[in-house]
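Please read it alongside the sequence and coordinates shown here.

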Amino acid sequence: MSQQVNTRVEDTSPVVGSSLWQDAWQRLKKNKLAMLGVVILLIIILVSTFGPLLSSYSYDQINLDRNSEPPSWEHWFGTDQLGRDILVRTLVGGRISLMVGIIATAVSFVIGVTYGAISGYFGGYIDELMMRIVDIIYSLPYLFLVIVLLAFFTKSIFMLFFILGGVSWLTMARIVRGQVLSIKNQEFIEAARAVGVETPMIIFRHVIPNTLGPVIVYTTLTIPSAMLSEAFLSFLGLGVQPPLASWGTMVNDGVEAIAVYPWQLIFPGLLMAVTLFSLNFLGDGLRDALDPQMRKD
Amino acid sequence: MSTNIILSVRNLQTYFYGDGSVVKAVDGVSFELKKGETLGIVGESGSGKSVTSLSILRLIAYPPGKIIGGEVVFDNKDLMKLSESEIRRIRGKRIAMIFQDPMTSLNPFMTIGAQLKEITELHEGLSSSQARKKAIEMLELVGISDASRRIDDYPHQFSGGMRQRVMIAMALSCKPELLIADEPTTALDVTIQAQILELIKGLKEKIGTSVILITHDLGIVAGMTDHIAVMYAGKIVEYAPTEELFSTPHHPYTKGLLKSVPDPMTDQKQLFQIPGLPPDLSRLPKGCPFSPRCSNVKAECQEFPPIKQINANHYSACWLEN
């Protein structure tokens with residue numbers, strides 16, 4: 001009897017552990033453009049976080065005697081119309097822009113994933129109702145919504161982060177819902193239910209992790225779009241308020257003087273463009289790395 | 001009621017609703033299972049075998065499905081009347097299930113260990129390290145070598161047969177009183193099939209679990225079960241002790257099924273098949289659902305046949321006098 005129970009499966013060769021994430025990471029590492037993006041992003045994050053601490057200038061230190069100076073050893077990126085150091089301002093602006101990107105995306109991630117997962121998992125009338133709400137919010141002009149919300153709440157910078165996140169979770173919710181619809185009917189979900197796992201646990205432990213591939217890709221593409229939205233809102237005077245700077249406000253200021261003092265536009269604009277490019281390359285790379293179709297190679 | 005009956009299903013009805021039609025996937029199924037016994041449920045695809053097993057644990061998704069009637073008495077309690085949290089405490093702990101396709105019944109994003117631990121942490125209140133120890137023990141029990149290392153692997157690093165072993169380990173972690181195996185070997189190749197069946201058989205005796213084995217393969221039930229229920233179009237058409245069913249089948253459908261098993265000893269030019277197709281469950285014929293395919297149709301078949309007792313343990317739903 002016990003003889004039969006012990007029909008062991010022969011383990012012929014040692015198996016090298018590789019999870020789906022490790023697999024994806026291996027593929028991502030092969031993608032040079034995406035890795036370049038990762039490196040550049042890390043550098044930009046590090047420099048804008050710690051760079052301003054090393055400078056003898058502060059971002060709001062006005063020196064009218066030395067306004068609009070071209071780049072020099074003293075001011076590497078030159079100065080603006082009020083004589084403020086553009087290098088420090090660009091780095092501080094980078095903090096704001098990156099924070100907008102990350103926080104707004106995190107907010108939209110949390111709301112969108114939870115909302116979409118609940119909607120997709122329960123299905124039926126709940127799904128119908130929740131998705132119609134999304135449709136209604138979708139149909140409102142995005143900018144109008146942001147402006148109303150900004151006017152309604154205090155114009156603090158954190159409110160801007162949350163409002164941008166608060167209006168950009170809709171697509172995320174739809175993506176997650178679509179994923180959940182296909183995953184919830186798979187046998188391992190049924191198996192989890194058959195084992196007596198509670199519904200919230202099933203959603204958060206079994207369903208959501210399986211939707212994350214496309215979600216992560218969308219997330220990396222949401223960061224640049226939130227940064228662009230912030231730049232646009234700042235351009236309209238609704239975003240970051242002076243003396244604080246973001247890349248958006250600096251580009252806005254720089255545009256006015258582009259013919260005479262081009263460095264006021266070029267440096268923040270260049271940094272922003274490089275960041276956006278890096279994020280897009282990384283997003284593309286992640287999409288390829290997480291796509292099962294790509295595993296054949 | 002006799003105390004050695006562990007599960008008693010009475011007149012279970014599960015219907016699926018969609019686009020104005022009603023699919024009567026399970027329509028009045030009744031059976032009893034004695035403690036320690038194995039019941040085989042056989043039938044074609046779409047005959048309601050899996051829906052029956054899912055209905056026992058109330059795992060039918062609503063919508064579109066709904067259990068509209070019947071009782072499932074387990075340990076003197078009607079499972080259909082329990083609250084959601086009460087039935088959840090029975091699922092996995094006292095009644096466990098093994099699913100058809102081991103390739104898809106494990107979560108690809110969780111390690112084998114995490115999935116095994118989930119059950120014992122949930123039902124037995126084990127701590128993480130106790131649950132891990134238990135998981136390794138269970139993996140060893142189902143014959144996974146080097147279990148303490150493989151426990152941290154992901155499902156895709158296991159072969160189909162090994163994944164089914166993991167599923168069995170998971171199902172038996174809490175020593176359930178009843179194990180429902182829904183086509184546990186359909187997705188596996190023949191040699192692995194035999195191993196898995198031996199494993200279930202061995203563990204059933206070791207742990208003392210009763211088993212419901214659902215399959216469409218008569219060869220499997222022959223060696224594994226004490227009783228067999230043959231399902232057709234959502235109903236049990238014949239119920240008999242295994243040997244008796246093979247030696248003296250009564251219902252024409254059972255006879256047809258037995259005849260369609262290829263016999264390697266004789267050189268058959270053509271395999272026998274039951275003429276026609278399984279009926280559309282949303283448009284069942286009047287009377288006996290098998291009558292359009294039956295070679296012995298009589299006038300009475302326009303009425304639904306009563307369940308006839310042939311002897312103490314043998315029932316058949318057919319008008320035929322034998």
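## Helix packing and local geometry in a predicted model

In this predicted model, helix α4 (residues 86–122) of chain A packs against helix α8 (residues 169–183) of chain A at an angle of about 35°, and their axes are 7 Å apart. The crossing of α4(A) and α8(A) is right-handed. On the side of α4(A), the residues that make this contact are A:S108, A:F109, A:I111, A:G112, A:V113, A:Y115, A:G116, A:A117, A:S119, A:G120 and A:Y121, while α8(A) contributes A:W169, A:M172, A:A173, A:R174, A:I175, A:V176, A:R177, A:V180 and A:L181. Sorted by class, the residues in the contact of α4(A) with α8(A) are 13 nonpolar, five polar and two charged.

Because 28 of its 37 residues are buried, α4(A) is largely enclosed by the rest of the structure. The helix α4(A) is followed by A:G123, a residue whose phi is positive, near 65°.

Chain A as a whole contains twelve helices and zero strands. Of its 297 residues, 41% count as buried, and among the contacts in chain A between residues at least 6 apart in sequence, 69% join residues at least 24 apart.

The largest nonpolar core has 155 residues, and the members that touch the most other members are B:I168, B:A169, B:A171 and B:V230. Although these four belong to chain B, the element that gives the most to this core is α4 of chain A, with 15 residues. If neighbours within four places in sequence are left aside, B:V230 is in contact with B:V42, B:G43, B:I236, B:V237, B:E238, B:H251, B:Y253, B:T254 and B:L257.

The contact between the two chains takes 39 residues from chain B and 27 residues from chain A. On the side of chain B that touches chain A, α2 (84–90), α3 (112–123), α6 (160–172) and α7 (190–207) of chain B each supply at least two residues, and the largest share, seven residues, comes from α7(B). By class, this side of chain B has 15 nonpolar, eleven polar and 13 charged residues.

Within chain B, helix α4 (residues 128–141) has 14 residues and reaches 20 Å from its first C-alpha to its last, close to the 20 Å expected at 1.5 Å a residue. Its buried residues are B:A131, B:R132, B:K134, B:A135, B:M138, B:L139 and B:L141, and the buried residues of α4(B) pack against α3, α5 (147–150) and α6 of chain B. Just after α4(B), B:G143 takes a positive phi of about 85°.

Positive phi values are also found in chain B at residues other than glycine, including B:D75 and B:E183. As background to these two cases, most residues other than glycine have a negative phi. The table sets out the two residues with their phi values.

| Residue | Phi |
|---|---|
| B:D75 | about 55° |
| B:E183 | near 45° |

B:D75 is found in the loop between β4 (65–74) and β5 (77–78) of chain B, whereas B:E183 is found in the loop between β7 (178–182) and α7 of chain B. Is each of these residues buried or partly exposed? B:D75 counts as partly exposed because it has 13 C-beta neighbours inside 10 Å, while B:E183 has 20 other C-beta atoms within 10 Å and is therefore buried, given that 20 or more are required for that class.

A further residue, B:A222, lies in helix α8 (residues 218–224) of chain B. With 15 other C-beta atoms within 10 Å, B:A222 is partly exposed. Not counting residues up to four places away in sequence, B:A222 touches B:T242 and B:F246. The C-alpha atoms of B:A222 and B:G40 are separated by 8.8 Å, although these residues are 182 residues apart along the chain.

Methods:
Residues are numbered from 1 along each chain as its sequence is written. Chains are lettered from A and ligands numbered from 1 in the order in which they are written. This is a predicted model: local features need pLDDT of at least 70, side-chain atom pairs count only at pLDDT 80 or more; totals for chains, interfaces and linings use all residues. A nonpolar core is a set of buried Ala, Val, Leu, Ile, Met, Phe, Trp, Tyr and Cys residues joined through C-beta atoms within 7 Å. A residue is buried if 20 or more other C-beta atoms lie within 10 Å of its own, exposed if 12 or fewer, and partly exposed in between; C-beta atoms are placed from the backbone. Helices (H or I, at least four residues) and strands (E, at least two) are DSSP runs, numbered from the N terminus. Two residues are in contact if their C-beta atoms, placed from the backbone, lie within 7 Å. Axes are lines fitted to C-alpha atoms, for helices over the stretch in contact, and angles run from 0 to 180 degrees between N-to-C directions. A crossing is left-handed if the near helix is turned anticlockwise from the far one by less than a right angle, and right-handed if clockwise. Ala, Val, Leu, Ile, Met, Phe, Trp, Tyr, Cys and Pro count as nonpolar, Asp, Glu, Lys and Arg as charged, and the others, Gly among them, as polar. The expected span of a helix is 1.5 Å times one less than its number of residues.
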